[in-house]
Amino acid sequence: MTAIQEPAVDAGDQPYTYRRAELTEPDWRRFPGWRDVTEAEWRDAQWQRVHCVRNLRQLRGVLGELVADRFYDDLAADQRELATMSMLLPPQMLNTMAPHAGTDPEKVTDAFYADPVRRYMLPVRSDRDAVWPSHPHSERDSLHEAEMWVVEGLTHRYPTKVLAELISTCPQYCGHCTRMDLVGNSTELIDKHKLTLKPVDRQDAMIDYLRRTPGVRDVVVSGGDVANVPWHQLEAFLMRLLDIETVRDIRLATKALAGLPQHWLQPKVVEGLARVAGTAQRRGVNLAIHTHVNHAQSVTPLVAKAARTALEVGVRDVRNQGVLLRGVNDTPAQLLDLCFALQGEANILPYYFYLCDMIPNAEHWRLAVWEAQELQHAIMGYLPGYATPRIVCDVPYVGKRWVHQLAEYDRERGISYWTKNYRTGIEHHDPEALRRRYPYYDPIATLPESGRAWWADNARR
């Protein structure tokens, strides 16, 4: 008989030690502007929407003198000079920032500056890269989605999948939004493009295209955020999708599951989602919700309840597609803490983490490909295999690629080259599409001195 030996390695010797953390809802009453807000009001979706923070004055009304003027001045400078997204924060999202900072204004201010959720939901001027706020190859529509519209709002990039943008607004605006060209209100810096068709006409055109294109089996219904589509309109569109025999997968994209979970807990939404899920099950269609959580602080009991409610009424999966962001989730511990909170406490499957896209003024958020490769290596072996997220680079004109799939990598200049095995919707007659190598660029601040000098000289030319 073989003797059973005690483990030779103490858990404390591991690079990461898992400790189960119970989810908590931070006390919103710590903020002066919400001292009298009741539990019933907080759980009410309409109250959350009405009390969203949309400007500096409203933010001061909530935070008061808990946060020093230096932070408000820094925020105002960013809104005036560099912001690509307007301010829109539901109370739920704001409440997850600096949850344990106390009441000393200097300590609270420092906590707000350091807070990972604040860093991407409420960027300030001093966050941005002072030398290279934008990469020379950054673009407003960095993934060229609008170029690939087959009808307004319907991007056909992959052979079997489409992206349906039903609306150009969200319940909350992330500073790093990949669709900053279209989504949200115009800012001092960016005059946004607009959808021109009436919603009913846009949806009719999308349905007509899908009926005429049987090679498409997978529809991501997004925007903006589907939580901003009136429920009766969204349900009608989903039922029409379910009538198309060739559509086998439907994914609803909504950051609001984390930013405004109260929306997904409303009786009319839960009942409607149950009808859609039931129809999907009867017709053998996979219905999933994809949300967007970037830090464990955002995973609260209300978020978990919203996710579990969706699963209980018949949605097949709730999955998370996060974005790798410097100062937010760029360490193995931050990523693993988030994944365990999602998968273990909220029944949300960690699915993808994307490299932040190359939009203007995003260089302070972006990670280099080699940094993403190291993170992928570091998180392997801790989570169940099915819950270990893939870290991907969404390469312009290519699409999602695992970060180790590059064909060539110039580390000095931070240029990686990628290939693909399909044509996008605009390349059907391009004989070089499958032979071409497509470039992607690391943040210049991550390069060695020689690489930074090359880019400085290149930019001058």
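Visitor: Which residues does Val221 touch, not counting residues up to four places away in sequence?

Guide: Contact here means heavy atoms within 4.5 Å. By that rule, Val221 touches Ala164, Leu166, Val226, Leu234, Phe237, Leu238, Leu241, Ile250, Arg251, Leu252 and Ala253, leaving aside residues up to four places away in sequence. A word on reading this: the model is predicted, so local features need pLDDT of at least 70 and side-chain atom pairs count only at pLDDT 80 or more, while totals for chains, interfaces and linings use all residues. Residues are numbered from 1 along each chain as its sequence is written, and side-chain values use heavy atoms, with hydrogens and water left out.

Visitor: How many residues does the largest nonpolar core have?

Guide: A nonpolar core is a set of buried Ala, Val, Leu, Ile, Met, Phe, Trp, Tyr and Cys residues joined through side-chain atoms within 4.5 Å. Buried means under 20% relative accessible area, exposed over 50%, and partly exposed in between (1.4 Å probe, protein chains only). The largest core has 87 residues, and Val221 is among those with the most contacts inside it, as are Trp264 and Leu355. Helix α14 (residues 332-345) gives the most to this core, with seven residues. Apart from it lies another core of 48 residues, including Trp28 and Cys356.

Visitor: Where does Arg251 lie? And is Arg251 buried or exposed?

Guide: Helices (H or I, at least four residues) and strands (E, at least two) are DSSP runs, numbered from the N terminus. Arg251 lies in strand β5, residues 249-253. Its relative accessible area is 12%, so Arg251 is buried. Among the residues that Arg251 touches are Lys161, Asp218, His290 and Tyr351.

Visitor: What joins the side chains of Arg251 and Asp218?

Guide: A polar contact of 2.7 Å joins them. Such a contact is a pair of N or O atoms within 3.5 Å; within protein, one must be able to donate a hydrogen and the other to accept it, and residues adjacent in sequence count only if both atoms are side-chain atoms. For another example, look at Gln373 in helix α15 (residues 369-379): its side chain reaches the backbone oxygen of Val403 at 2.9 Å.

Visitor: How many disulfides does the count come to?

Guide: A disulfide is a covalent bond between the sulfur atoms of two cysteines. The rule asks for a pair of cysteine sulfur atoms within 2.5 Å, and the count comes to zero.
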